[in-house]
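Keep the structure open beside you as you read.

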Amino acid sequence: MAITEHAPGTFCWVDLATTDVLAAKDLYSKLFGWDYLDIPMGPDMIYTMCQLNGKNTGALYQSNEANVPPHWSLSVSIVNADDSAAKTKKLGGNVIVEPFDVEVSGRMAIITDPSGAAFHLWQAGQHVGYDLVGEIGTQCWAELMTNDTSACTRFHKWSLMKKKNSRFPRAS
């Protein structure tokens with residue numbers, strides 16, 4: 001299903017920080033049928049959109065951070081990155097990276113919940129997030145494994161109550 005916006009509080013994007021972009025591209029094209037669109041993001045960075053039938057399903061990029069293994073990062077759609085980051089602190093989470101603009105694409109922050117699970121807050125600009133969901137080869141599930149479900153339930157509940165009208169993204 002093609003997507004034009006994501007309701008606040010819903011997952012809207014996933015990207016992979018990897019130490020071997022070529023191997024990742026090879027694996028995921030064979031596994032999910034993904035094609036790739038490389039977007040230069042500066043002198044030493046390329047952000048690669050992962051696509052099915054020309055629709056964005058996520059992204060990947062080269063990470064050279066010492067002592068950080070390759071990992072997927074999820075983004076949650078929010079109305080206002082600055083307000084959500086401030087609320088994160090009040091609710092017992094931590095702001096790892098304060099809100100910042102990603103050119104014209106949107107505004108984001110990186111936070112952790114009370115258990116230390118990290119994720120991104122995404123305030124859409126020209127990039128709403130996934131263009132395609134509900135198809136084979138698209139992100140379909142996210143799960144938090146924690147030893148403090150009470151604190152995490154209280155923390156995550158605030159974003160679930162901020163949805164516009166629907167539990168699911170709007171199809172075009």
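The count of disulfides here comes to zero, where a disulfide is a pair of cysteine sulfur atoms within 2.5 Å. The reason is distance: the sulfur of Cys12 is 15 Å from the closest cysteine sulfur, in Cys50, which is too far for a bond. Cys12 counts as buried at 0% relative accessibility, and Cys152 counts as buried at 4%. Buried means under 20% relative accessible area, exposed means over 50%, and partly exposed is in between, with a 1.4 Å probe and protein chains only.

Before going further, a word on the model: it is predicted, local features need pLDDT of at least 70, side-chain atom pairs count only at pLDDT 80 or more, and totals for chains, interfaces and linings use all residues. Residues are numbered from 1 along each chain as its sequence is written, and side-chain values use heavy atoms, leaving out hydrogens and water.

Now to the strands. Helices (H or I, at least four residues) and strands (E, at least two) are DSSP runs, numbered from the N terminus. Strand E2 (11–18) is largely enclosed by the rest of the structure, because seven of its eight residues are buried. E2 runs antiparallel to E6, joined by six bridges; two strands pair if DSSP finds at least two bridges between them. In E6, Trp72 is the bridge partner of Leu16. E2 also pairs with E5, in the parallel sense and over four bridges, and here Asp15 stands opposite Ala59 in E5.

E3 and E4 pair in the antiparallel sense over six bridges, with Tyr47 in E4 as the bridge partner of Ile39. These two strands form a hairpin with five residues between them, and Gly42 in the turn has a positive phi of about 145 degrees.

Next, look at helix H1 (residues 21–32), whose 12 residues reach 16 Å from the first C-alpha to the last, close to the 16 Å expected at 1.5 Å a residue. The expected span is 1.5 Å times one less than the number of residues in the helix. Which residues of H1 are buried? They are Val21, Ala24, Lys25 and Tyr28. These residues cover an arc of only 100 degrees around the axis, which puts them on the same side of H1; the arc is that of the directions from the helix axis to the C-beta atoms. On the other side of H1, Leu22 and Lys30 are exposed. The cover over the buried residues of H1 includes E2, strand E3 (35–40), E4, E5 and strand E6 (71–77). After H1 comes Gly33, with a positive phi near 75 degrees.

Finally, the core. A nonpolar core is a set of buried Ala, Val, Leu, Ile, Met, Phe, Trp, Tyr and Cys residues joined through side-chain atoms within 4.5 Å. The largest one has 14 residues, of which Trp13, Tyr47, Met49, Ala59, Trp122 and Tyr130 touch the most other members. Strand E2, strand E4 (46–52) and strand E5 (55–62) each supply at least two residues of this core, and the largest share, four residues, comes from E2. Apart from this core lies another, of 10 residues, among them Ala81, Ile111, Phe119 and Leu121.

Definitions and conventions:
Contact means heavy atoms within 4.5 Å.
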